[in-house]
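Student: Please take a close look at the aromatic side chains and their surroundings. I would like one connected account.

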Amino acid sequence: MLAGMITLGMTLGATPAMAGTSAALLKRLHEKGILSDEEYEQLVHEDEAENAPPTPATAVETPASAPPAQVADSERFVRRTASGVGLEVGDVTLKFSGSVNGFYVHDNPQAPNATSSVAGGVVNVGGNTSAVRNGLLPGFLKIEATTQQGGWDVGAHFGMYPGINSAAWGALGANNGGQPTGLATSGIDFRQTYLTVGRAGYGELKIGRDIGLFGSDAILNDITLLSPGSPGGNVAPANTTLGRIGVGYIYTDFQPQITYTTPDFKGFKVAGGVFQPLHSLTGPAETNSEPGFQAKITYDTKVGPVGAHLWVSGITQKHDTVTSSLSYTGKGIDFGAKLNSGPVTVVGYYYTASGLGTTALNLFDSDGLGNARDSQGFYAQATATFGKFTLGGSYGESRLSYANALDASANPTLVKVNSSWVGQVRYGLTSWVTLIGEYVSTKAVAHNGNRAKSDTLAIGGILFF
């Protein structure tokens, strides 16, 4: 510390006239042992350098036209985000997230026969098939631009979902079906385009196209979201497999909506919104005068070592048809729970509906004469994680009832129940990459007793960033 004080004193107060005095002082301190040899040599060197005569500077002429020095503008800096993949440009944050997956899927269905036809069944019938395809998720790339303006949190969100298989373009776009031929191209399902406006204590308003409320927690907590599950058409792979859609829950879908979500209140959140009314996929032409409505309540809590996520959601939509006597209303409610403690997680889910169908929304939802069909479904699931390995299994089924006796006589092979068993093993290769192996047994039974069954093996991997 003394050496530092001497150095500071010489730096601030030394002049050429005092150079000799400084040297004498340093020598005396060195002789008394206050300064070590190394400290003495260093300070003498610094003293000599400080008091050396100045070197005449060479004048450099500055052009009269030289621009003035620029002051750094922090608002134009580009920085990486504190987490995730993204960057900050001024007061705007850009974030990128995505997923890529692919699986080898071998499906072994029963051979077709006189009693294997099931209308609305999710089982393939025919010979063995092999495919390299996406699972229930296609790939996706999501881009989000968020900022704060006038005290409001504002965001623009875009989600593109390309599959790896070639698409047979038609009425359903990228989801129309597969076309495994040369010169074909894959399809992009642009599922998400929405804005958000929110503020702490006020909740958030969403306007645009995004995942629905009814049935969304069912698919987001399903283990087959990361894998193929029931493959659906495996001869000509489409953009996605079925997973557990139609064998445990109705697909929530991505829909145009204006939705408001409340702030978190002691673990509770409530969301509700108006939705674009969806036409029936199997009914008469519609001229809907009212929007659809959906709502959801979630509750997150922890009791001791057990964490819990609970939810209940509902949907209703009136179907106004060209012939008013054929109009009907589709409605449904579901509820579920996800519990986790240590390495174990369990999920239970149930839904009941009328006029919604059994697989996609409004598919096989009525008899086409204005009479709604009732449906129910459930799944139970458990996983356990040991280090990098996760073992999981689930069972689920979806049931569809006739609208009336006339419906029963006109549609004898209508599906009564679709069901499946799923066994899965996952290995976390890296923080981004998960390898997955899966066995699925799927069965479809018609009201008249017809039935079909298939066994599926899948192996592949999925990446998230």
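Tutor: A charge counts as sitting over a ring if NZ of Lys or CZ of Arg is within 6 Å of the ring centre and within 35 degrees of the ring normal. Arg-199 meets this at Tyr-202, lying over the ring face at 5.2 Å from the centre. Lys-206 is likewise placed over the face of Tyr-194, with 5.2 Å to the ring centre. The model is predicted, so local features need pLDDT of at least 70 and side-chain atom pairs pLDDT 80 or more, while totals for chains, interfaces and linings use all residues. Residues are numbered from 1 along each chain as its sequence is written, and side-chain values use heavy atoms, without hydrogens and water.

Next come the ring pairs. Rings of Phe, Tyr and Trp (its six-membered ring) pair if their centres lie within 6.5 Å; planes under 30 degrees apart are stacked, over 60 edge-to-face, and the rest tilted. Strands here are DSSP runs of E, at least two residues, numbered from the N terminus. Both Tyr-161 and Phe-254 are buried, that is, under 20% relative accessible area with a 1.4 Å probe and protein chains only; exposed is over 50%, and partly exposed lies in between.

The rings of Phe-389 and Tyr-427 are also tilted, because their planes stand at 50°, with the centres 4.8 Å apart. Here strand 16 (residues 389-400) supplies Phe-389 and strand 17 (residues 415-428) supplies Tyr-427, a separation of 38 residues. Phe-389 has a relative accessible area of 44% and is therefore partly exposed; Tyr-427, at 27%, is partly exposed as well. Back in strand 9, which also holds Ile-258, that residue is partly exposed at 43%.

Strand 14 (residues 344-354) runs antiparallel to strand 13 (residues 328-341), joined by eleven bridges. The two make a hairpin with two residues between them, and Gly-342 in the turn has a positive phi of about 60°. Strand 14 also pairs with strand 15 (residues 374-386), again antiparallel and over eleven bridges. Gly-348 of strand 14 faces Ala-337, and Gly-348 also stands opposite Ala-380 in strand 15.

Conventions:
Helices (H or I, at least four residues) and strands (E, at least two) are DSSP runs, numbered from the N terminus. Two strands pair if DSSP finds at least two bridges between them.
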